[in-house]
Amino acid sequence: MPIRKSLVPGIALSTLLFAGCATARAADVVQSGCRMLPASLRFIDSRISGVRLQQDRSGCYFEGTASSLRVADAQRSVLAELATSRCGGTIVTDAVPHTVEGVVEPNEGVQMRVSLVPSAADGRCRPGSVVEPDLGDEYEVQVVDQPFALYPPAAYRQDREGETVVIVLLDDKLGTIGAVVEKSSGYVDFDEAALTATRQWRFKGRTSRPGTVFIRTPVVFKKN
């Protein structure tokens, strides 16, 4: 289990990479997941509550309440990229508008309703079929390019510190699909800085069979 630690002025960044998928976090799942998405629920951002994941013979449906439009948009993107990486093409429709720079995000939750329908014939993504396990313990990866998370200026001035735990999602070629927050720091700026950095990480290693790779890493913001 490779471990890498780095320290730069203003930020302590500790990275833990592990092989295998941990137990899915608790969520309100109506059916046994979605054929177009991983069996593990670790692709769901922890800042989204009341999650419902269903499938029928036409496609898959994701519902939940995101803490902000930014979180909703990011989760939608992860869903689309995951489904496309597994199915070769996906039609995505949803009721959540894209965020616009400069627009104030609401304090109340944002309702998400996302539909995923395969656009290409692929046996792995046949709607209505049983969801199969992903890679399990059958991969080994290491980070080879690791841009540091930037300490948010406002947080630095306010002497705030914190830690965000991120899940980075990779395809079976170890290309980055996206990233979600597994455990929030409690501060939006720390969480977004951690996501921005980890989405740029690059990995190498091996996988034994198709599936989704989950990389868990804590990003620690600590003043020296």
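Predicted model: local features only at pLDDT ≥ 70, side-chain atom pairs only at ≥ 80, totals over all residues.
If you trace the chain from the N terminus, the elements come in the order β-β-β-β-α-β-β-β-α-β-β-α-β-β.

Next, the surface and the interior. The protein chain has 224 residues, and 47% of them count as buried. Its accessible surface comes to about 10900 Å², with 51% of that belonging to carbon and sulfur atoms.

Now for a covalent link. A disulfide is a covalent bond between the sulfur atoms of two cysteines. How many disulfides does a search of the whole structure find? There is one, and it joins Cys-34 to Cys-60, with an S to S distance of 1.8 Å. Cys-34 sits in the loop between strand S2 (11-16) and strand S3 (48-55), while Cys-60 belongs to strand S4 (residues 60-66), so the pair ties together parts that are 26 residues apart in sequence. Because the torsion about the S-S bond of Cys-34 and Cys-60 is about 90°, the disulfide is right-handed.

Are the two partners buried or exposed? The table gives the values.

| Residue | Relative accessible area | State |
|---|---|---|
| Cys-34 | 0% | buried |
| Cys-60 | 1% | buried |

Cys-34 and Cys-60 both count as buried, since buried means under 20% relative accessible area.

Key. Residues numbered from 1 in each chain as written. Heavy atoms only, no water. Helix = DSSP H or I, 4+ residues; strand = E, 2+ residues; numbered from the N terminus. Buried < 20%, exposed > 50% of the residue type's maximum accessible area, 1.4 Å probe, protein only. Areas by Shrake-Rupley, 256 points an atom, 1.4 Å probe, with all protein chains shown as cover. Disulfide = S-S within 2.5 Å.
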